[in-house]
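Welcome! Please take a moment to look over the sequence and the structure, and then read on for a short tour.

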Amino acid sequence: MAFVSETTTRLALGRAAAAEPSPAEVKDFAALLKPGVMSLVIFTALVGLVVAPGHLHPVLGAIALLSIAVGAGASGALNMWWDADIDAVMSRTKDRPIPAGRVQPGEALTFGLVLATGSVIMLGLAANWLAAGLLAFTIFFYAVIYTMWLKRTTAQNIVIGGAAGALPPMIAWAAATGTVSLDSFVLFLIIFFWTPPHFWALALVKSGDYERAGVPMLPVVAGPDETRRQILIYSLIYAPLGVVPWLLGFAPLAYGVTAAVAGVAFLVLAWRVFRIRDGAPAAKASMQLFAFSILHLFVLFAALLVTVGLGFGTTL
Amino acid sequence: MAGPDDDHDDGLVLTPEQRRRRRARNIAIAVILLVVVGLFYAMTLVRFAPQPH
């Protein structure tokens, strides 16, 4: 019932604000799409599309990729609509279009719903309805399961919610092949297990923000030491997972070596976060892991793109 | 006779800045609609093209 009440309140706020002329600029709507997250989605989906064994006409492939990107953007807009109250009290997000008053909540909701519907239909027509169904599920999972439910209720929010961010390469794979396979599931798992150390490394530094906003992130609920332990555990699962595409035989040795070296570097940084617990050096270690995790995921998927997609290093 | 751009009809008077922003949003929507039409056109061409055997 609380959820229904929350939704009704947000819709009423949106209708009240709609009586005023919109101050929104085009760039504000672009910001609702979370371009940073979108770029990672586009890249991982591109890799899924290229390394998948199926064939999709390049024009349809480009439209499929655009649909996945727009679907991710729609999720971002719906997330910002629901989370405007949280965003307003966090330093990292207080300048987002809705808390800053540049976009009205109702505008963001309509924008997100239109893009979500359009992207799913477009992907279904360009590729197939399995991929479209996966995209619809991803948007629903991120906007409803993660944003509206898990984020405010459990410290495992980003662990479970991370599934939404992990699905794009699987969607692209389904677009190219019409099916989901173990190989595409491995790509999903790589991003799924990447998410907790990535976000918790940032949350360690920004835990005050989350506490003020009432978001039960792990450092707020279980403390920094337990968070460091969890980061290390997830890193110990994530780093070897990077090598699995080579072990399964769908990526060559050149990829396996790249993933192994990058995995060791990731573990070293996770270990530093675990060991260095006080003052500025601790914050520095966390931010180093956060920044490196982005680079690490990029390197893994770029290596897949180069070795599997483009065929370089396949003789190794 | 009031024109479609006459903001006095509903009691709202837009400032020049608000008009500029609304015009920019309208142009962006028009561009997006044109892109969508182009995408459907391209998709139709590819979908209905003879498939190689």
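Predicted model: local features only at pLDDT ≥ 70, side-chain atom pairs only at ≥ 80, totals over all residues.

## A helix and its neighbours

Which residues of α3(A) are buried? They are A:Met38, A:Val41, A:Thr44, A:Ala45, A:Leu46, A:Val47, A:Gly48, A:Leu49 and A:Val51.

## Checking the length of α3(A)

Helix α3 of chain A runs over residues 35-51, which makes 17 residues. At 1.5 Å a residue it should span 24 Å, and because its end C-alpha atoms are 24 Å apart, the expectation and the model agree.

## Where α3(A) meets α4(A)

Now let us follow one of these neighbours. The axes of α3(A) and α4(A) cross at roughly 145 degrees and come within 9 Å. The crossing of α3(A) past α4(A) is right-handed.

On the α3(A) side, the residues that take part are A:Val37, A:Met38, A:Val41, A:Ile42, A:Ala45, A:Leu46 and A:Leu49. They meet A:Gly61, A:Ala64, A:Leu65, A:Ile68, A:Ala69, A:Ala72, A:Gly73 and A:Gly76 in α4(A). Sorted by class, this contact has twelve nonpolar and three polar residues, with no charged ones.

## Where chain A touches chain B

Helix α4(A) also has a part in the meeting of the chains. Eleven residues of chain A are in contact with eleven residues of chain B. On the chain A side, α4 (58-82) and α6 (105-126) each supply at least two residues, and α4(A) gives the most, with three residues. By class, that side of chain A has nine nonpolar residues, one polar and one charged.

Conventions: Residues numbered from 1 in each chain as written. Chains lettered and ligands numbered in written order. Contact = placed C-beta atoms within 7 Å. Helix = DSSP H or I, 4+ residues; strand = E, 2+ residues; numbered from the N terminus. Nonpolar A, V, L, I, M, F, W, Y, C, P; charged D, E, K, R; others polar. Expected span 1.5 Å × (residues − 1). Buried ≥ 20, exposed ≤ 12 C-beta atoms within 10 Å, placed from the backbone. Axes fitted to C-alpha atoms, helices over the stretch in contact; angles between N-to-C directions. Left-handed = near helix turned anticlockwise from the far one by under 90°.
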